[in-house]
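Here are some notes for a colleague who is opening this entry for the first time. Please read them with the model in view.

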Amino acid sequence: MKRNLNWKKVWKYSVIFWGVIFVVSLIPIILLSTYNFPCADDLGYSIYTRHAWVDTHNLFSVLGAAGRKVAESYQIWQGTWASIFLMALQPGIFGDGTYWIGTLMLLTALIFSVYYFMKVFWGKWLGSSKTQRFIVTFLFLFFGIQFLIDKTQGLFWYNGACHYIFPWSALLALAGIVVSMTVDSRHGKRKSIIGILLAIYIGGGNLVTGLECGIWLALGILLTVLCHKKKLMGQVLKIAVFWGISFGLNVAAPGNWVRQEEFSYRPGLIRSVLQSFYYCLDYVLGQWTDWKIILFVILIAPFAIHAVQEYKGNFSFRFPVLVPLWSYCVLASMFTESIYAGGGPGAGRIYNVIFLTYLILIMLNLVYLYGWYWKKYGSGKKVEEKDIQLWHIVSAAGAVFCFLIVAGVTPDAFTSASAAKSLLNGEAQAYRAQEQERVAILEDASIENAELKEFQNKPYLLFYEDIEADTNNWKNVRMSSYYRKNSVILIESETE
């Protein structure tokens, strides 16, 4: 007798399926990171901490040196005190072989924040089952990690990654805390304290995420006022005040104005805002919205439909135009700081957090827009459970097929595929071996003027920037200070 598919187990099998895919996808990323080492601003921001560790092997001395770097940069370069403190503590200061821990820390922060937000939003607020919540979590993390706009600056170059990925992860965790406050009044004091600490850290991080945090907190306060939730409003307002103090100290740093003088074109506030809307259309909707975003929508949509249809709360979903418009404004605002300060839309590390925010907003808009549709048309248009499950099975099979095709043709499109390629063809190992040759020279106290050969292998994910054939170049100067050399110079390879 022919057996029918056991529909009750579809979600159980699916969470195992996506969980295995996600965990396996992390393996080549973590393995590749062990061949990585610090470069460029990694060295510049950690000169004091490196020297403190080498001279004393005392963690308190290292922390004091990190504080010294914060105070110095605040006056002469930038006010992002929280980020600079972490930049100064890049793991490579404890030994060239410990730099890879930075990638592990970044992945951990991203995974935990996404897990917590999905637990609160999909689990507590929407009331979705644990299995469906985990599937959405795995899907978001897979797309977010695999398709970062600049994968090197997102996971492998610690200085740039910690400046953006850490604060963005903290912002997502803070959003989860605020949502949690709306559905669960327990542990209110604990949530408020954690929320305040996160807000202080975010305010002292990069200005892109700092401004985004202020926008979301302002929206949270407005919603609590409109919903007449005075206690919740007080809690969110308290968090916002601490964010405002921290962000204010960040913006007011004398170093910000020193740094801004480095840029010849500064469009001013109004033009910066207008250009932000343009760049949002160009980058987010023009360049980044392609097959992977279509797949993401197709894969998340059945869970949005199921969650809304089973939703037992009293949220009304009344503004189907306003929410997408608001989302566009939020994304546009993330370009504003870079345009205002430097005259351009920014670098890859900035695009990474805009892209991650884009994925979050896609998910929220799917829920909200279907919620509006559901409230308007009611159960007469209900999608049956089996149809939702069938949709998921077919879309999952189609997605895996697309992943395999694209990864086979252009492996650098996927973080994991690119990492696996560099490991299997030996370029990661060769890159590391060449770095160890350099370190032997740089740590040789008898050599005062170091001459370093140009890298012959430059893995796509690992190689960010190198020194140059000019001892006065800023990267050369920072490396010479980091390793206590009089000078460092690159010996370029002869080209035929």
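Predicted model: local features only at pLDDT ≥ 70, side-chain atom pairs only at ≥ 80, totals over all residues.

1. W291 is partly exposed, with a relative accessible area of 29%, where buried means under 20%, exposed over 50% and partly exposed in between, for a 1.4 Å probe and protein chains only.

2. Residues are numbered from 1 along each chain as its sequence is written, and side-chain values use heavy atoms, with hydrogens and water left out.

3. The count of aromatic pairs comes to 47, taking rings of Phe, Tyr and Trp (its six-membered ring) with centres within 6.5 Å, and calling planes under 30 degrees apart stacked, over 60 edge-to-face and the rest tilted. F121 and W125 form a stacked pair, 5.6 Å centre to centre with 15° between the planes, and both lie in helix α6 (residues 101-125), 4 residues apart; helices are DSSP runs of H or I with at least four residues, numbered from the N terminus. The pair of W291 and F414, by contrast, is tilted, at 6.3 Å and 45°, and links distant parts of the chain, 123 residues apart.

4. The charged end of R68 sits over the ring of Y48, 3.7 Å from its centre, the rule being that NZ of Lys or CZ of Arg is within 6 Å of the ring centre and within 35 degrees of the ring normal.

Note on methods. Helix = DSSP H or I, 4+ residues; strand = E, 2+ residues; numbered from the N terminus.
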